[in-house]
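Dear colleague,

Please find the structure below, followed by a short account of what was found in it.

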Amino acid sequence: MSDKKIQSPLNDADKREVWGEWAEKEEQHLREVEQRWGDSDAYSQTAKRVARYGKREWEQINDDNATIEARIRDLMDAGADPEGEAAMDVAEAQRTHVSRWFYDMSHEFHVLKSQLYVDDPRYRAGIEDNTRPGAAEWLRAAITANAARAAAASPESRR
């Protein structure tokens with residue numbers, strides 16, 4: 001396991017304000033995250049970054065995420081193809097959001113994590129509570145298409 005644990009400098013009141021219900025089960029969630037990914041570089045990066053975040057950063061993280069969720073909802077409402085450009089763009093926005101605030105997320109890992117959105121009810125709820133039913137599958141398809149687009153655009157794919 002990493003010698004660095006994910007810990008926030010926020011006080012309990014601020015945690016409840018910016019994390020909502022998640023704050024009520026913080027220790028349980030963090031134990032699971034450590035068990036699942038504690039040996040990974042992503043865990044170490046997240047621990048280092050989160051330790052610096054105050055209330056303002058968490059509000060920005062939440063605002064950015066809400067914008068991404070609204071875009072997913074709007075695209076789904078418009079009947080957008082999850083493998084289309086707009087869907088791939090929102091998938092890329094989600095990937096870069098995670099990379100900016102938590103850990104460097106490769107396209108390959110994004111595809112793997114997208115399966116959790118479909119298979120794990122908690123991850124599904126995290127996606128669908130603020131979007132639409134079926135968003136987990138829609139987003140997984142968009143993430144997979146986005147990863148294929150990135151692979152096709154990489155210099156290695158042109159050799």
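In what follows, "buried" means under 20% relative accessible area, "exposed" over 50%, and "partly exposed" in between (1.4 Å probe, protein chains only). This is a predicted model, in which local features need pLDDT of at least 70 and side-chain atom pairs count only at pLDDT 80 or more, while totals for chains, interfaces and linings use all residues. Residues are numbered from 1 along each chain as its sequence is written, and side-chain values use heavy atoms, with hydrogens and water left out.

Aromatic pairs. Rings of Phe, Tyr and Trp (its six-membered ring) pair if their centres lie within 6.5 Å; planes under 30 degrees apart count as stacked, over 60 as edge-to-face and the rest as tilted. The whole structure contains 5 such pairs. One of them joins Tyr53 and Trp58 edge-to-face, at 5.8 Å centre to centre and 85 degrees between the planes; both residues are buried. The pair of Trp58 and Phe102 is tilted, because the ring centres are 5.9 Å apart and the planes stand at 45 degrees. Tyr53, Trp58, Trp101 and Phe102 form one aromatic cluster.

Arg95. This residue is buried, with a relative accessible area of 12%. Beyond its neighbours within four places in sequence, Arg95 is in contact (heavy atoms within 4.5 Å) with Met105, Ser106, His107 and His110.

Yours sincerely
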